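Colleague: Before we discuss the packing, could you put the model up and start with a polar pair?

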Amino acid sequence: MLKIWTDGSCLGNPGPGGWGFIATDGKNIAERCGGEKNTTNNKMELTAVIKALTAARKHNEVEIHTDSQYVKNGMETWITNWKKNNWRTSDKKPVKNVELWQQLDELASKVKIHWVWVKGHAGEEFNERVDDLARTAAESYK
């Protein structure tokens with residue numbers, strides 16, 4: 001199974017932002033990152049997972065490690081009701097970042113995902129590395 005670590009970063013919120021992911025099949029490791037000049041942390045967290053799943057399109061099962069409760073809870077809990085409610089929250093407001101959530105939902109429908117939450121900045125090797133990738137990408141957009 002492909003294991004993926006994702007992270008997003010934003011210098012200011014909004015501000016310059018970056019995303020990164022690391023994927024490993026146990027033998028090989030791939031790292032990717034990018035960013036935007038004016039974005040938010042949540043957008044970068046979502047973009048990191050979208051970019052990772054796009055790159056992993058040949059795999060039918062992945063394990064995604066994230067320190068973002070926003071992404072993990074969104075995909076495991078909130079998205080079902082958002083879709084039932086025409087992409088509105090429980091208080092009838094439009095879902096923020098809906099275009100990214102819809103893109104992620106489409107990608108997730110094609111692969112079995114095991115979501116793993118990791119505590120950020122707690123010394124977990126790949127989570128720390130992907131945090132560095134996202135932050136460095138964000139800094140390049142200053």
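Modeller: This is a predicted model in which local features need pLDDT of at least 70 and side-chain atom pairs count only at pLDDT 80 or more, while totals for chains, interfaces and linings use all residues. Residues are numbered from 1 along each chain as its sequence is written, and side-chain values use heavy atoms, with hydrogens and water left out.

Colleague: Which residue does the side chain of Glu63 join in a polar contact?

Modeller: A polar contact is a pair of N or O atoms within 3.5 Å; within protein, one must be able to donate a hydrogen and the other to accept it, and residues adjacent in sequence count only if both atoms are side-chain atoms. Glu63 has its place in strand β4, strands (E, at least two residues) and helices (H or I, at least four) being DSSP runs numbered from the N terminus. At 2.7 Å, the side chain of Glu63 is joined by such a contact to that of His65.

Colleague: Is Glu63 buried or exposed?

Modeller: Buried means under 20% relative accessible area, exposed over 50%, and partly exposed in between, with a 1.4 Å probe and protein chains only. Leaving aside neighbours within four places in sequence, Glu63 is in contact (heavy atoms within 4.5 Å) with Met1, Leu2, Lys3, Ile4, His114 and Val116. Its relative accessible area is 15%, so Glu63 is buried.

Colleague: Why is the pair of Trp19 and Phe21 classed as it is?

Modeller: Rings of Phe, Tyr and Trp (its six-membered ring) pair if their centres lie within 6.5 Å, and planes under 30 degrees apart count as stacked, over 60 as edge-to-face and the rest as tilted. Trp19 and Phe21 are both buried. Their ring centres are 6.2 Å apart and their planes lie at 10°, so the pair is stacked.

Colleague: What is the geometry of the aromatic pair of Trp82 and Trp101?

Modeller: The pair links distant parts of the chain, with Trp82 in helix α2 and Trp101 in helix α3, 19 residues apart. Both residues are buried, and together with Tyr70 and Trp78 they form one aromatic cluster. With 5.0 Å centre to centre and 70° between the planes, the pair of Trp82 and Trp101 is edge-to-face.

Colleague: How many disulfides are there?

Modeller: A disulfide is a pair of cysteine sulfur atoms within 2.5 Å. The sulfur of Cys10 has its closest cysteine sulfur in Cys33, 15 Å away, which is too far for a bond. Cys10 counts as buried at 17% relative accessibility, whereas Cys33 is partly exposed at 41%. The count of disulfides is therefore, by this rule, 0.
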